[in-house]
Amino acid sequence: MEPLRVVRDGYLISLNIGTPTQVIQVYMDTGSDLTWVPCGNLSFDCVDCDDYRNNNSDNSFDPCTVAGCSLTTLLKSICSRPCPSFAYTYGEGGLVTGTLTRDTLTVHGTSPGVTRQVPRFCFGCVGSTYREPIGIAGFGRGSLSLPSQLGFHQKGFSHCFLEFKYANNPSISSPLVIGDVAISSKENMQFTPMLKSPMYPNYYYIGLEAITVGNSTSATQVPLTLREFDSQGNGGLLIDSGTTYTHLPEPFYSQLLSVLKSLISYPRAMEVEERSGFDLCYRVPCPNNTFTNDLFPSITFHFLNNVSLVLPQVNHFYAMSAPSNSTAVKCLLFQSMNDGDYGPAGVFGSFQQQNVEVVYDLEKERIGFQPMDCATVAASQGLRKKY
């Protein structure tokens with residue numbers, strides 16, 4: 001079991017890596033394979049990719065472009081800055097470049113106080129990034145991922161993400177369990193099958209059949225693209241701890257907003273929508289500047305295999321600031337998918353996974369969901385300090 005520290009936009013895992021050991025905090029990311037850390041002074045400095053988009057590269061994210069040289073100059077051997085040994089891109093436009101290396105990784109063992117060393121752990125030593133401020137621990141299905149290198153690619157892992165209200169709180173951590181214990185004794189959990197994408201076989205995809213708002217018996221039907229792939233491998237719902245908010249495709253996303261608008265009577269906070277970039281914000285009463293139970297409708301995700309997940313209330317409408325003058329503004333923390341028809345049709349982000357135990361059963365190729373109070377789980381696992 002490894003503790004995860006919740007921060008404003010994700011969950012951090014501490015890697016004990018290197019010889020001698022250094023402790024480096026990186027994001028836990030189920031949407032990628034590579035584990036990388038900021039590392040050393042490499043052969044080139046970080047540059048702004050926007051300055052090099054007009055170079056003669058076949059790809060605006062080509063690693064040679066980031067290094068400041070076009071493919072033409074490289075082919076002619078007149079580039080003064082060598083192309084790095086690898087480049088890794090992320091769906092939201094982030095990019096890292098560096099070299100692959102091996103060193104010892106130290107993790108927690110099966111018993112308290114016991115550690116296990118993983119020699120020759122392969123990771124990226126990164127000296128140049130674009131939109132990626134700190135390192136990442138990749139938990140995808142590929143051979144480079146952290147679970148795979150620990151020998152658990154046929155086992156699994158689970159996490160119970162704390163609410164974001166605990167962000168930067170040093171006294172409590174989210175439990176991350178890797179290995180046999182993560183997938184054992186889960187007979188009463190609902191599981192939905194993992195979908196295999198021919199385009200991205202190392203990612204975790206699930207199928208979304210419908211979303212129900214409130215007590216309505218008529219669910220908002222989702223497009224087929226959210227539960228199956230086209231001939232090129234596009235489609236499916238990517239479950240990704242490295243993406244903060246859930247993204248849904250148009251026009252389905254706008255249809256969901258319309259249903260919510262019809263059921264919510266609070267006054268809209270248009271100026272907050274313009275400032276925050278979220279599409280649905282409301283002013284809610286807070287007597288004595290204290291949050292009370294709001295009258296927002298529930299939101300239920302219906303996945304393949306008759307799996308229904310009622311989102312905990314903090315996972316959809318969230319306070320943008322503390323109450324003032326007996327009111328507060330809460331916004332729906334979903335966003336529109338803007339990648340068109342390329343790649344996943346939608347993303348199930350970490351914010352919507354708060355207070356839910358999520359189990360990745362890699363042996364049976366399925367993902368389980370169980371709402372629970374993750375702070376209570378953390379305390380039972382010794383991850384909450386008492387003062």
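Strands β2 (10-17) and β6 (95-108) each give at least two residues to the lining of the largest cavity. Helices (H or I, at least four residues) and strands (E, at least two) are DSSP runs, numbered from the N terminus. The model is a predicted one, in which local features need pLDDT of at least 70 and side-chain atom pairs count only at pLDDT 80 or more, while totals for chains, interfaces and linings use all residues. Residues are numbered from 1 along each chain as its sequence is written, and side-chain values use heavy atoms, with hydrogens and water left out.

Let us stay with that cavity. Rolling a probe the size of a water molecule over the atoms shows where empty space is left. On a 1 Å grid over the protein atoms alone, a cavity is a set of points where a 1.4 Å probe fits but cannot get out; a pocket is an open set with protein on both sides within 12 Å along at least five of seven lines; and lining residues have an atom within 4 Å of a point. Grid points are joined across faces, edges and corners, and a volume is the space filled by probe spheres set on the points. The structure has two cavities of 30 Å³ or more, and the largest cavity holds about 60 Å³ of space. Among the residues lining the largest cavity are Glu2, Ile13, Leu15, Leu105, Val107 and Ile178. Strand β2 provides the largest share of this lining, four residues. By type, the lining of the largest cavity has six nonpolar residues, three polar and one charged (Ala, Val, Leu, Ile, Met, Phe, Trp, Tyr, Cys and Pro count as nonpolar, Asp, Glu, Lys and Arg as charged, and the others, Gly among them, as polar).

Now turn to an open space. The second largest pocket has a volume of about 770 Å³. It is lined by 31 residues, of which Met1, Glu2, Gly109, Leu176 and Val177 are the closest to its centre. Two or more lining residues come from each of β1 (2-7), β6, β9, β10 (174-178) and α4 (180-183). The largest share of the lining of the second largest pocket, four residues, belongs to β10. This lining divides into 17 nonpolar, nine polar and five charged residues.

What joins cysteine 160 to cysteine 374? The link is a disulfide, with an S to S distance of 2.0 Å. A disulfide is a covalent bond between the sulfur atoms of two cysteines; here a pair of cysteine sulfur atoms within 2.5 Å counts as one. The structure holds two disulfides. The torsion about its S-S bond is about -85 degrees, so the disulfide is left-handed. Cysteine 160 counts as buried at 2% relative accessibility (buried means under 20% relative accessible area, exposed over 50%, partly exposed in between, with a 1.4 Å probe and protein chains only). Cysteine 374 is buried too, with a relative accessible area of 0%.

The other disulfide is formed by cysteine 281 and cysteine 331, whose sulfur atoms are 2.0 Å apart. Its S-S torsion is about 105 degrees, so the disulfide is right-handed. The pair links distant parts of the chain, with cysteine 281 in strand β17 (residues 281-285) and cysteine 331 in strand β21 (residues 327-332), 50 residues apart. Both of these cysteines are buried.

Finally, look at the aromatic rings. Rings of Phe, Tyr and Trp (its six-membered ring) pair if their centres lie within 6.5 Å; planes under 30 degrees apart count as stacked, over 60 as edge-to-face and the rest as tilted. The whole structure contains 23 aromatic pairs. In one of them, the ring centres of phenylalanine 157 and tyrosine 360 are 4.4 Å apart and the planes lie at 15 degrees, so the pair is stacked. Phenylalanine 157 belongs to strand β9 (residues 156-160) and tyrosine 360 to strand β24 (residues 356-361), 203 residues apart. Phenylalanine 157 and tyrosine 360 are both buried.
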